[in-house]
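Hi,

Here is the structure I promised to pass on to you. Have a look at it first, and then read my notes below.

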Amino acid sequence: MTTIHMLASYIDCASFQEQSVTTSKAVVKVLSMSDIHGDTKANADYLQNLNWPSGNEDCFTIFICNGDLCTDIASLRKSFQTLKTKFDEVCFVPGNHELWRKGSEQQGGDQSKAGSLSHAPNSLSKFNEVINCARQCGIHTGVCPTIISLFSVYSHYALYPRCPE
């Protein structure tokens, strides 16, 4: 019996309890990806055709998506549903693309120029919509809206690794 602690002590903000998953499989495999951009047909097809691990391995699989899965909620929901059919557990941390205001399903949002999608009133509102979508699809989010710091993920050292002294 193997116990897996989701996202290094996944914390559900509502109950402040550690969440874990138990499996009888001896092997656990984790695939982590970011910047999938499943809004595009080619990348959505990639997710649909993803076969990992290959072969008939009897293992417990976990997929960790580190942001930028999809911009609009409809595509995000479809990608979550696809991933849930391919992996035993799916974990998700929103990226900047998920927090773009466009692609909201909220009632009364500003209509986009194309007229097909609305805009959330602000990025935090879109964030809540993304987290609710993930949880409705059975995805582990492991984030707490009260402690978000959007600018902490950016570093000028990534853009300018060799700053003049």
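Aspartate 45 is partly exposed, with a relative accessible area of 32% (buried means under 20%, exposed over 50%, and partly exposed in between, using a 1.4 Å probe and protein chains only). Its partner is lysine 41: the two side chains meet in a salt bridge, 2.9 Å from N to O. By salt bridge I mean a side-chain nitrogen of Lys or Arg within 4 Å of a carboxyl oxygen of Asp or Glu. Lysine 41 counts as exposed, at 61% relative accessibility. Why do these two line up? Both sit in helix 1 (residues 41-49), and being four residues apart they are separated by about one helical turn. Helices here are DSSP runs (H or I, at least four residues), strands are E runs of at least two, and both are numbered from the N terminus.

Before you go further: this is a predicted model, where local features need pLDDT of at least 70, side-chain atom pairs count only at pLDDT 80 or more, and totals for chains, interfaces and linings use all residues. Residues are numbered from 1 along each chain as its sequence is written, and side-chain values use heavy atoms, with hydrogens and water left out.

A search of the whole structure turns up two salt bridges. The other pair is glutamate 105 and arginine 77, with the closest N and O atoms 3.3 Å apart. Glutamate 105 lies in the loop between strand 8 (102-104) and strand 9 (110-111) and arginine 77 in helix 2, so this pair ties together parts 28 residues apart in sequence. Glutamate 105 is partly exposed at 40%, and arginine 77 is partly exposed too, at 24%.

Tryptophan 52 and proline 53 are joined by a cis peptide bond, with omega about -10°; proline 53 is in the loop between helix 1 and strand 6 (60-65). Aspartate 68 has a positive phi, near 60°, without being a glycine. You'll find aspartate 68 in the loop between strand 6 and helix 2, and it is buried, at 8%.

How far can you trust all this? The mean pLDDT (the predictor's confidence in each residue, from 0 to 100) is 74 for the chain, and 65% of residues reach 70 or more. Where pLDDT is low, the predicted coordinates should not be read in detail.

Cheers
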